[in-house]
Amino acid sequence: MNQTSAGCSVSSQITAANAFRIGRTRFTSVVTAFLAVLLLLGVAIPVRADSISGTVKDPSGAVVVGARIEISGASLAQPLVLASDATGKFTVPDLEPGKYSVHVTKDGFEDLTVAIDLSGAADLPLNLVVAAQQTSVTVTGKASGFANSDPGYRQLRDVGLGESFRCENFRLPMD
């Protein structure tokens with residue numbers, strides 16, 4: 001009986017070990033399958049990189065080089081500041097979706113602000129308007145109470161016409 005009980009004991013230990021091994025193999029298979037699904041989902045979902053780009057032009061359609069562009073809003077902690085390139089273009093990649101404000105300035109032009117609700121890529125045509133020219137003239141000098149009140153002018157004006165002479169057939173030789 002000792003042998004039988006010893007045999008049963010060994011047999012039950014082998015069965016428990018097999019069950020543990022089978023359970024561990026199934027767990028490993030499930031974890032591996034789960035990680036494979038996560039990896040495939042990560043590859044299958046397109047990487048979304050929203051961007052704002054555009055071209056800055058003047059009223060005639062010519063590009064504006066060196067325009068200052070300031071982009072603020074959404075989750076930006078501070079505004080992004082850049083300048084238009086030699087072709088009047090600018091690009092700001094890797095933005096999160098949301099509401100942004102694009103502010104464009106350039107000497108000689110009026111400031112331009114455009115609001116945009118970004119969801120994907122946005123290409124903005126930014127057309128600047130020529131700023132109104134303001135000119136002021138300041139005259140310094142003696143101000144008079146009345147027009148033509150200068151004493152020299154008044155004396156000449158008051159003299160009037162003097163004697164007049166009439167000449168006929170007068171010849172004036174010239175060199």
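**View 1. A three-stranded open sheet with mixed pairing has the order S4-S1-S7.** Strands are DSSP runs of E with at least two residues, and helices are runs of H or I with at least four, both numbered from the N terminus. Two strands count as paired if DSSP finds at least two bridges between them. Strand S4 (89-95) and strand S7 (121-127) are the edge strands, each pairing on one side only. Neighbouring strands of this sheet are turned against each other by 15 degrees on average, direction ignored. The axes behind this angle are lines fitted to C-alpha atoms, for helices over the stretch in contact, and angles run from 0 to 180 degrees between N-to-C directions. The model is predicted: local features need pLDDT of at least 70, side-chain atom pairs count only at pLDDT 80 or more, and totals for chains, interfaces and linings use all residues. Residues are numbered from 1 along each chain as its sequence is written, and side-chain values use heavy atoms, with hydrogens and water left out.

**View 2. Strand S1 (residues 50-57) pairs with S7 in the parallel sense.** Seven bridges link S1 and S7. Ile 52 stands opposite Ala 122 in S7.

**View 3. Strand S2 (residues 68-73) pairs with both strand S3 (residues 80-83) and strand S5 (residues 98-105).** S2 and S3 are antiparallel, over four bridges. S2 and S5 are also antiparallel, joined by six bridges. Ile 69 has a bridge partner in each neighbour: Leu 82 in S3 and Val 104 in S5. Ile 71 has Leu 80 as its bridge partner in S3.

**View 4. The hairpin of S2 and S3 has six residues between the strands.** In this hairpin, Ala 74 takes a positive phi near 45 degrees.

**View 5. Phe 27, Val 31, Phe 34 and Leu 35 form a nonpolar surface patch.** Together they have about 420 Å² of accessible area, from the Shrake-Rupley method with a 1.4 Å probe; for residues, only the protein chains shown count as cover. Patch residues have over 30% relative accessible area and no salt bridge; like charges are joined within 9 Å, nonpolar side chains (Val, Leu, Ile, Met, Phe, Trp, Tyr) within 5 Å. A salt bridge is a side-chain nitrogen of Lys or Arg within 4 Å of a carboxyl oxygen of Asp or Glu. Phe 34 lies in helix H1 (residues 2-44). Phe 34 counts as exposed because its relative accessibility is 51%; exposed means over 50%, buried under 20%, and partly exposed in between (1.4 Å probe, protein chains only).

**View 6. Helix H2 (residues 151-159) is hardly covered.** Among its nine residues, the count of buried ones is zero. Gly 160 follows H2, with a positive phi near 75 degrees.
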